Amino acid sequence: MCALSLGTPYVPPHRLLASVLDGDTTLAGIVVTELRVPRLVLALIAGACLGAAGLVLQEALRNPLAVPEMLGVSSGAALGVAAPLVLTLSLPAAVQPLLAIGGAALGGGLTLLAAGLGRSPSAVLLTGAAVAAALQAALLVLMVMADQLDLQLIYRYLLGSLSARTWDDVTGLWPWLLVAVPALVLCAPVLSVMRLGDEDAEALGVRAQRARLAALAIAVLLIAPVTAVCGPVAWVGFLAPHLARWFNPAAGAVRWLPWSAAWGAVVVGVADVPARLALAPVETPAGAWTALLGVPAGVALMRSGGRGRGRAARRRPAAPTDAREPLYGSRRTASGTADEFPRAGTCTEVRGSEPGRGGPSGAVPPASGTTGTEDAR
Amino acid sequence: MTRRFTALAALAVVCAAVEMVAGRGMSPGVAWDVLNGGGDATERHILFHLRLPRMLVSLGAGACLAVAGLVLQSALRNPLAGPEVTGVTPGAVLGAVAATALGLAGWDSPLAVVLAACAGGCGGAALLWLLAGRGRGDPAQTAVHGVLVSAVLGGLTAMVLLVEPGGLGSVVQWLVGTTEGRVWQHWHLLWPWALAWGAVAWLLAGPLTLLRCGDDIALAAGLAARRARTLALLCAVALTAGAVAAVGALGFVGLLVPHLAVAVFGADLRVSLPGAALLGAVVVCGADAAAQLSSRLLAATLDAGRLTLPVGALTACLGAALLLVVVRRTPSRTF
């Protein structure tokens, strides 16, 4: 609501509906329908994707710090997008997400290849940091080559900005989401098995290495289109899963997944408001705000979660979520359900058409038995 | 040991010589001519007022970063504590950029920039200290927290840059680390600072060697461990800030050159500290020469006149490869 009504032509909340209905006739109507609504929708979708991808990565690698930024996935995708921009190759718009996916897969694959899949979490992270730094260096070389005007554009993009995005950008995302969401739903139960550890997962019939690769592929698929549109909005994939865990410490990965997506959407949606308004004539990128607020909050949550998990588990019936929910109350739950609905809609719709095609990409065979229950939920 | 030092010094001289003739303005023959007293005014200007200070600055900055890294790694007993991953370099960058944007310091008053970078570096290190909290004994954990701190500081720097977009072009070069266009003024600023804090580091070499052995041994030998560590950290931050103010955030030099130095000269800091300084100078100077040569090659092949490869990009790529080797070779229990 704030995102819709605040801004230079201030539209009071009670007149929002009227201005939307008016459509093109008034200034407020145009501003709301053509600029603010797509922006908000894009922020919510991007946040949901990043949050879900972050959770998938963290669960698959069993590492609370495995985030896209630290695995080189984000910088790879950004490199894939920025390279043609600087080298002034004119490409059709449809190729851009493909390039981003290529870059992201390159970054993530390089990290995992160099670190070795079964290594300890810290080794993977440090390798990822090294890969990310190398990719960043390549990006900076590109930026040095660019001229001043391009430079502003790229710099803004690299920080993750949502400014001046229209409906075209939103519609460009849908096809990718249609592929990624069912894969995500199929993957969720496997993730909760992976949590038990490699040996237990193998004993239950999950091929751990292959599942991990599949998880990485899904994460890349989720992150790359979003990055292609609005740049690497930093550290949402770190904050959102921890928020989901903190509010609901006893649930499993399956339960956390939608919550993580919802929290990601909330985080980006909320961060976009100060990004637009804080330094009013200049627009700051949303990614800078998420990095600024997300990292300390995430670390604090991770720490308190590590300490408080045992305590929370002991007195679980008097769930801590209930105690805290009224504080944040109506606003967050409202936005949470608001973006939950369309998501659930697409899920069931796609699943309806799926048996005919015999399961799209990345379906992990042993999971199919359990997905029925997952879908029922 | 003396032989190793001589070999390294010879290498440094070779690097410096290559650096002198690597630029694209004139051929090696002309450069030799100018050194012998010939050449016209333009050539003399290029050699004595552009190339010579550039070479000296790259040598000095490399030495500073390497010594700072070795001091940090010894004081924290952490093989992964370079100035880049402990938040010192990003903090220094933030300090310098913020001070410039707020008008407290211009690029024409370099001392203020150095002081601002120093304050920022201290701030970054303090932030990490707060964040790491009780987990600061674990090296990998500290390194991971350092990456997080760097992310926060990078976000702040980005904000400052976006509010003051005027000098974005030059600042981006500086963010990746470049020796492009360094003149005598930079050198005059760098060397007293580097010399003073380098001397402090040299005096601290003995206590640092003790600190490397562990706090218990250091205490038993009669060293005030806390005080020595604080002084060492301050020294490392100051050295890093000086280097950052001169050449920008050169990636990975401070993290990986100390490993090389310890491998070559052994763990006794009284020997390996000067060794690290020499090695750092060689690495940065050589990388700069290589960057100039390769950008010349690239410009010739791609026919793009204004293409220059900043040295920071080269060191970052090199350092990333080396870091992969270090992480892979070390048995997993350490990391």
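Modeller: The following account concerns helix α12 of chain A and the helices that meet it. The model is a predicted one. Helix α12(A) spans residues 253–277, and one of its partners is helix α11(A), residues 236–247. Two packed helices are described by the angle between their axes and the distance between the axes. For α11(A) and α12(A), that angle is about 125° and the axes are 8 Å apart. The crossing of α11(A) past α12(A) is right-handed. On the α11(A) side, the contact is formed by V236(A), L239(A), A240(A), P241(A), L243(A), A244(A) and R245(A). Facing them from α12(A) are W256(A), W259(A), S260(A), W263(A), G264(A), V267(A) and V268(A). Sorted by class, this contact comprises eleven nonpolar, two polar and one charged residues.

Helix α12(A) also packs with helix α8(A), which covers residues 167–194. Here the axes come within 8 Å and cross at roughly 125°, so α8(A) is likewise oblique to α12(A). From α8(A), the residues A188(A), P189(A), L191(A) and S192(A) take part, and they meet A253(A), V254(A) and L257(A) of α12(A). This contact has six nonpolar residues, one polar residue and no charged residues.

Terms used. Residues numbered from 1 in each chain as written. Chains lettered and ligands numbered in written order. Predicted model: local features only at pLDDT ≥ 70, side-chain atom pairs only at ≥ 80, totals over all residues. Axes fitted to C-alpha atoms, helices over the stretch in contact; angles between N-to-C directions. Helix = DSSP H or I, 4+ residues; strand = E, 2+ residues; numbered from the N terminus. Left-handed = near helix turned anticlockwise from the far one by under 90°. Contact = placed C-beta atoms within 7 Å. Nonpolar A, V, L, I, M, F, W, Y, C, P; charged D, E, K, R; others polar. Parallel < 35°, antiparallel > 145°, perpendicular 65-115°, else oblique.
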